[in-house]
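Hi,

Here is the structure I promised to pass on. Have a look at it first, and then read my notes below.

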Amino acid sequence: MRRFFILAAAVLATLASSIGANAQQGQRVQVGVLECRGGASVGFVVGSVTHLGCVLRAEGMPEDRYVATIRKVGLDLGITQESALAWGVFAPVARLGPGGLSGDYVGAQGSATLGVGVGGNVLVGGSANSIALQPLSLQGQVGVSIAAGLESLELRPGR
């Protein structure tokens, strides 16, 4: 059990350092917040797939809904009942049109859960890889799992 928490702490520390490095790249402004929620997920040792419903909340703009598919490659063991994630959305422009976040994103991911758990991920992608998704706070989830590795996020317009 102790190794479980040591590995989780190491992964989260690595993510925190990459957040700072990624935030300094390019001229990006915060457009809003992307909030995602999803149901159960099962890790299969070398990866997993999770489906989420997401909403981009930007000041002065109507909510922009998305359907997300997250694929993880790396260590991923366990079962989670539900997940909630929130990212700050940084883009080269101050406002995005409807569906403006659609696209594919990639980055690093790490999480640990024993009852209630935490995780984090940093993703870059979208139109010409110009959009960055930075964690506002740690991911929350319920279940028993540990995960670390690479993650891809596919965002498509939803309702």
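To start with something you can look up yourself: which side chain meets that of E154 in a salt bridge? It is the side chain of R71, at 3.6 Å from N to O. E154 sits in strand β6 and R71 in strand β3, so this pair links parts of the chain that are 83 residues apart. Both ends are partly exposed: E154 has 25% relative accessibility, and R71 has 38%. Keep in mind throughout that this is a predicted model.

There are six salt bridges in the count, and here are two others to look at. E35 pairs with R57, with 2.9 Å between the closest N and O atoms. Because E35 belongs to strand β1 and R57 to strand β2, the pair ties together parts 22 residues apart in sequence. Again we are looking at partly exposed residues, with relative accessible areas of 32% for E35 and 35% for R57.

Then there is R156 with D104, whose closest N and O atoms are 3.4 Å apart. That one links strand β6, where R156 lies, to strand β4, where D104 lies, across 52 residues. R156 is partly exposed at 33% relative accessibility, and so is D104, with a relative accessible area of 47%. Shared partners also join E35, R57, E63 and R65 into one salt-bridge network.

Now for the inside. The largest nonpolar core has 21 residues, and L34, V89, L101, L133, L153 and L155 have the most contacts inside it. Strands β1, β2, β3, β4, β5 and β6 each give two or more residues to this core. The largest share, seven residues, comes from β3.

Setting aside its neighbours within four places in sequence, L34 touches C54, V55, L56, Y66, L85, A86, W87, V89, L101, L133 and L155. For one of these, W87, the C-alpha atom is 5.2 Å from that of L34, although the two residues are 53 apart along the chain.

L155 is worth a click too. Leaving out neighbours within four places in sequence, its contacts include L34, C54, Y66, L101 and Y105.

Happy browsing!

Definitions and conventions:
Residues are numbered from 1 along each chain as its sequence is written. This is a predicted model: local features need pLDDT of at least 70, side-chain atom pairs count only at pLDDT 80 or more; totals for chains, interfaces and linings use all residues. Side-chain values use heavy atoms; hydrogens and water are left out. Contact means heavy atoms within 4.5 Å. A nonpolar core is a set of buried Ala, Val, Leu, Ile, Met, Phe, Trp, Tyr and Cys residues joined through side-chain atoms within 4.5 Å. Buried means under 20% relative accessible area, exposed over 50%, partly exposed in between (1.4 Å probe, protein chains only). Helices (H or I, at least four residues) and strands (E, at least two) are DSSP runs, numbered from the N terminus. A salt bridge is a side-chain nitrogen of Lys or Arg within 4 Å of a carboxyl oxygen of Asp or Glu.
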